[in-house]
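Visitor: I would like to learn how to read the features of a model such as this one. Please show it and take them in turn.

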Amino acid sequence: MVVAQDGSGNYRTINEAVQALHREHNGDRRAIVYVKSGVYEEYVEIARNLRNMMFVGDGIDKTIVTGNHNVPDGYTTYRSATFGF
């Protein structure tokens, strides 16, 4: 699976790829989600039953997943994470 904001991949957001994994992936083999460079402002939550998957980006300064949830604004510490499992 390829995630690219410009539409050159299978999905435009990481959450779209995760939703597809929920529908299609049974965990028998490794699912690799390649996230192309860009700033992805989203919160990704992975269900417990999804297993055997890996996310790969273009590098620490190129593929960035970010958000602005924080405890002072009313979010729990868990809900402030950009990736949750």
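Visitor: What share of the contacts with a separation of 6 or more comes from residues 24 or more positions apart?

Guide: A contact means heavy atoms within 4.5 Å. In this protein, residues 24 or more positions apart make up 57% of the contacts with a separation of 6 or more. This is a predicted model, in which local features need pLDDT of at least 70, side-chain atom pairs count only at pLDDT 80 or more, and totals for chains, interfaces and linings use all residues. Residues are numbered from 1 along each chain as its sequence is written, and side-chain values use heavy atoms, with hydrogens and water left out.

Visitor: How is a pocket found, and which residues line the largest pocket?

Guide: Rolling a probe the size of a water molecule over the atoms shows where empty space is left. On a 1 Å grid over the protein atoms alone, a pocket is an open set of points where a 1.4 Å probe fits, with protein on both sides within 12 Å along at least five of seven lines; lining residues have an atom within 4 Å of a point. Here the lining of the largest pocket consists of Met1, Ala20, Leu21, Glu24, His25, Asn26, Arg29, Arg30, Ala31 and Ile32. Two or more of the lining residues come from each of helix H1 (14-24) and strand S2 (31-35), and H1 gives the largest share, three residues.

Visitor: What is the volume of the largest pocket?

Guide: A volume is the space filled by probe spheres set on the points, which are joined across faces, edges and corners. For the largest pocket that is about 170 Å³.

Visitor: Where is asparagine 52 placed, and is this residue buried, partly exposed or exposed?

Guide: Buried means under 20% relative accessible area, exposed over 50%, and partly exposed in between (1.4 Å probe, protein chains only). Asparagine 52 is in the loop between strand S4 (44-45) and strand S5 (53-57). This asparagine is partly exposed, at a relative accessible area of 34%. Although not a glycine, asparagine 52 has a positive phi of about 60°. Of the 85 residues of the protein, 26% count as buried.

Technical notes. Helix = DSSP H or I, 4+ residues; strand = E, 2+ residues; numbered from the N terminus.
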